[in-house]
Amino acid sequence: MKNCIIQILFILSVSQLFAQSPFKNPDDFLQLNEKAPKVLLVGSFHFNYPGLDAHKANEDEKINIYAEKRQKELQELLDYLSKFKPTKIVVEAGANTGYLFKNYEHYKKGTEKLYANESSQIGMRLVERFQLDTIYGVDSPSLLYKLSSEKDSLASKTYIDKITKRHYFGGDDEINKRYSNFYHYKDKLTVSQTLLETFTYMNSDKVLDRGFGAYISGGQFTSKEMEGPDALSMFWLNRNLRIYRKIQQIGYTENDRILILFGAGHISILKWLFECSPEFELVKFNSL
């Protein structure tokens, strides 16, 4: 309630500023309609712990999403997210999401467990709750991945080959050691706190912003030349720009309410993109 009041006062103060100033609000020029589709970004840890990220949780820092306690907490999280009343659900998956629906059908029949991943545990349950006919998978490989994987192995070595040989995340320098401590702290939160409490913390602005800071502080990013910035821009930034473009391509109207569920590491970049775009209205997770 307090956050809502602060946001309302801020909006009113900004509106008053533009009303009393000779300077126009840029959205007077840039927004096509009075309404824009609303977007809710939901950053998650990976419920099934696939171990594909640079940081990996210790065994005592993992939860069992199938446990009765966690399933009750999941309902609390779903009830909170349902306040947004999504009309479209977007998840970290490929374009072919039929396997999610097939698994969900078998789960409802009692012949399979619902997949442990958040796309199923959160995404598919919201699809059913709001009787939506599809779920959108918008993940994308990066430009760096495509350039390196499609290159003829007999071709001469290039700068792309040079930077793809290196690992650009993590390291033994002081800032990365501090980030490692921070990651393990967040992992421990998932064990000690409820899912809603964990998600509320993970999706706060400061946590999201500092999460992106890991990619641009210390480690391989601070290479002698420009390999770090080049690799980051062609890999991580590019991948999220591609994800954003795929979201634009799903088709939407001004009345749509788009819930986007991705690994938390993606959210700080997507937040920046949606905040900058006049095409959408971003709804903060903690404002529901």
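**Entry 1: the chain as a whole**

I began with contacts (heavy atoms within 4.5 Å), and among those in the chain between residues at least 6 apart in sequence, 81% join residues at least 24 apart. The model is predicted, so I noted its terms: local features need pLDDT of at least 70, side-chain atom pairs count only at pLDDT 80 or more, and totals for chains, interfaces and linings use all residues. Residues are numbered from 1 along each chain as its sequence is written, and side-chain values use heavy atoms, with hydrogens and water left out.

I looked up the elements next and found 12 helices and 5 strands in the chain, taken as DSSP runs (helices H or I, at least four residues; strands E, at least two) and numbered from the N terminus. Of the 288 residues, 41% count as buried, where buried means under 20% relative accessible area, exposed over 50% and partly exposed in between, with a 1.4 Å probe and protein chains only. I recorded an accessible surface of about 16,400 Å² for the chain, 55% of which belongs to carbon and sulfur atoms; the areas come from the Shrake-Rupley method with a 1.4 Å probe, and for residues only the protein chains shown count as cover.

**Entry 2: the sheet**

I traced an open sheet of 5 strands in the order β3-β2-β4-β1-β5, with parallel pairing, two strands being paired if DSSP finds at least two bridges between them. β3 and β5 (281–283) stand at the edges with a single partner strand each, so one side of each is left without a neighbour in the sheet.

I then followed β2 (residues 88–91), from which Lys88 and Val90 point one way and Ile89 and Val91 the other, all of them buried. Strand β2 is joined by 4 bridges to β4 (residues 257–263) and by 2 bridges to β3 (residues 136–137). Val91 has Leu261 as its bridge partner in β4 and stands opposite Gly137 in β3. I counted 7 bridges between β1 (residues 38–44) and β4, again in the parallel sense, and I noted Ile258 of β4 as the bridge partner of Val39.

Helix α5 (residues 118–129) lies across β1, β2 and β4 and runs at about 170 degrees to β4; axes are lines fitted to C-alpha atoms, for helices over the stretch in contact, and angles run from 0 to 180 degrees between N-to-C directions.

I searched a 1 Å grid over the protein atoms alone, on which a cavity is a set of points where a 1.4 Å probe fits but cannot get out, a pocket is an open set with protein on both sides within 12 Å along at least five of seven lines, and lining residues have an atom within 4 Å of a point. The largest pocket holds about 1,400 Å³ of space. Of its 45 lining residues, the closest to its centre are His46, Asp53, Ala54, His55 and Gly265. Helix α8 (174–192) supplies at least two residues of that lining and gives the most to it, with 6 residues.

**Entry 3: Tyr244**

Leaving aside neighbours within four places in sequence, I found Tyr244 in contact with Leu270, Leu273, Phe274, Ser277, Glu279 and Phe280. Tyr244 and Phe274 are 30 residues apart in sequence but 8.5 Å apart in space, C-alpha to C-alpha.

Key. Points joined across faces, edges and corners; volume = space filled by probe spheres on them.
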